[in-house]
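Hi,

Here is the structure I promised to pass on.

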Amino acid sequence: MLSKSDTSQAHAQAENMRKMLMAMAYDIRVLLVKLADRLHNMRTIAAMPLEKQQRIAQETLDIYAPIANRLGINSMKVQLEDLSFKYLYPYRYRVLENALKKSKGSQKQIVKRISEQLVKAMKEDGIEGELIGREKHLYGIYRKMAEKKRVLSDIVDVYGFRIIVDDVSTCYQTLGLVHQLYKPMPGRFKDYIAIPKANGYQSLHTTLKARSGIPLEIQIRTEEMDIFAESGIAAHWLYKSPDDSGMISAHARARDWLTGILEMQQSAGDSL
């Protein structure tokens, strides 16, 4: 049961959050500044007492990382989650970090071989694009292990690649190519280009089995989609294209979401 001082503190935090959401509903830039401020706090949290570290880390994981995710700012979401994980569960964080470092050393040759096969096939098919190996982040691994009750090797031994091409039609051409090259796994294809996620994210996702039986997770998208995937609504200030309709609709969705939260709070009548 919470003490009177704990309850007062919780209400004060909730009221601050409500005020922030109100400000954000009028100007999304308020949110970007707030998220950047929280990320800076998390990067410098080591100097704080342990109890304060854990309280701030939990709040970041519960509130700020999901907001970054909801607005499509993946690069910030990943950093907030990993830093929160580090201070909430330091032992688990260190164990996973060490295991991931070891696995990277043994996987280099496999990644190199698969990358060469993909690049060669793209050249032969006349597809110009960039191939990038996808890094797994620690909290994402931990969450998958907990939710799906899987051992570390099941998650680490899946190889992730991102292919960035010039336009949407080339995305689908590249999808056909990788499906010819490797066997697609049933039920593991998602078309977020035709049906974007609620936060505006667009990409083709497919999971394949290499000839050696190794699972491959491949994402295919355009450069604009890639910038948006990492920066979300902030991409509006980073990427200038003749057609800004995607950015505008993302802002509209973000504002609708914030307005919905405010309406919910008003009907509840209590910030907490």
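Let me start with the lining of the largest pocket: its residues divide into 13 nonpolar, 13 polar and 16 charged (nonpolar is Ala, Val, Leu, Ile, Met, Phe, Trp, Tyr, Cys and Pro; charged is Asp, Glu, Lys and Arg; polar is the others, Gly among them). Bear in mind that this is a predicted model, where local features need pLDDT of at least 70 and side-chain atom pairs pLDDT 80 or more, while totals for chains, interfaces and linings use all residues. Numbering runs from 1 along each chain as its sequence is written, and side-chain values use heavy atoms, without hydrogens and water.

The space in that pocket is about 1,500 Å³. (A pocket is an open set of points on a 1 Å grid where a 1.4 Å probe fits, with protein on both sides within 12 Å along at least five of seven lines; lining residues have an atom within 4 Å of a point. The volume is the space filled by probe spheres set on the points.) Of its 42 lining residues, Arg134, Lys144, His205, Glu217 and Gln219 are the closest to the centre. α6 gives the most to the lining, six residues (helices are DSSP runs of H or I, at least four residues, numbered from the N terminus).

α6 also packs against α4, at about 70° with the axes 8 Å apart (lines fitted to C-alpha atoms over the stretch in contact; angles run from 0 to 180 degrees between N-to-C directions). So α4 is roughly perpendicular to α6, a label that covers 65 to 115 degrees. Glu81, Asp82 and Phe85 of α4 meet Leu138, Tyr139, Tyr142 and Arg143 of α6 (contact: heavy atoms within 4.5 Å).

Cheers

Notes: Helix = DSSP H or I, 4+ residues; strand = E, 2+ residues; numbered from the N terminus. Parallel < 35°, antiparallel > 145°, perpendicular 65-115°, else oblique.
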